[in-house]
Amino acid sequence: FPSHDKAITSAEQSAVPDRVAERLKMSVLIDFRRTPLQEAFGFIGESIRTDVAIDGDALKGAGFTQNMPQTMDLGTVTALAAIDRILENYAKERDPLVLIVDEQQKKLILSTKTKAEADGLQPFDTKAK
């Protein structure tokens, strides 16, 4: 029987794509009611089994906080669509929020356009269809 357990574990792991960019296509159920930004991103990250790092200094420098309330009921959408919807809320700001996909570290980073450029990081195109 022990080998049967192993099969389940590997099946679960194989359900998560290796590439983070592919994981963003996984579905998540989004119903945020004044959910703090960091919790919203944490939830999306957990849903697609991917670590999410928020560059707090970058946000602070642009006048954002990790507690900015997110309220949206999108139903089931891709993780990418959910993130795009959040970023959309801040797209008109002086220094908009951007998503960075770090394939090396297998994580998502939430930063600002200015800080991403300063760090030599390429913002991920959340609008890509």
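Strands β4 and β5 form a hairpin with 4 residues between them. In the turn, K106 has a positive phi of about 55°. Helices (H or I, at least four residues) and strands (E, at least two) are DSSP runs, numbered from the N terminus. The model is predicted: local features need pLDDT of at least 70, side-chain atom pairs count only at pLDDT 80 or more, and totals for chains, interfaces and linings use all residues. Residues are numbered from 1 along each chain as its sequence is written, and side-chain values use heavy atoms, with hydrogens and water left out.

L97 is the bridge partner of T112 in β5. L99 is bridged to L110 of β5.

β5 also pairs with strand β2 (residues 51-54). Here the sense is parallel, over 4 bridges. V52 has L108 of β5 as its bridge partner.

Together these strands make an open sheet of 3 strands in the order β2-β5-β4, with mixed pairing. β2 and β4 stand at the edges. Each has a single partner strand, so one side of each is left without a neighbour in the sheet. The twist averages 25° from one strand to the next. Axes are lines fitted to C-alpha atoms, for helices over the stretch in contact, and angles run from 0 to 180 degrees between N-to-C directions.

Two helices lie across strands of this sheet. Helix α3 (residues 37-47) lies across β2, β4 and β5. It runs at about 160° to β2. Helix α5 (residues 79-88) lies across β4 and β5, and runs at about 150° to β4.

β5 is mostly covered, with 5 of its 6 residues buried. Buried means under 20% relative accessible area, exposed over 50%, and partly exposed in between (1.4 Å probe, protein chains only). Not counting residues up to four places away in sequence, T112 touches A58, L59, A62, F64, D95, P96, L97 and V98. Contact means heavy atoms within 4.5 Å. Among these neighbours, L97 is also the bridge partner of T112.

Note on methods
Pairing = 2+ DSSP bridges.
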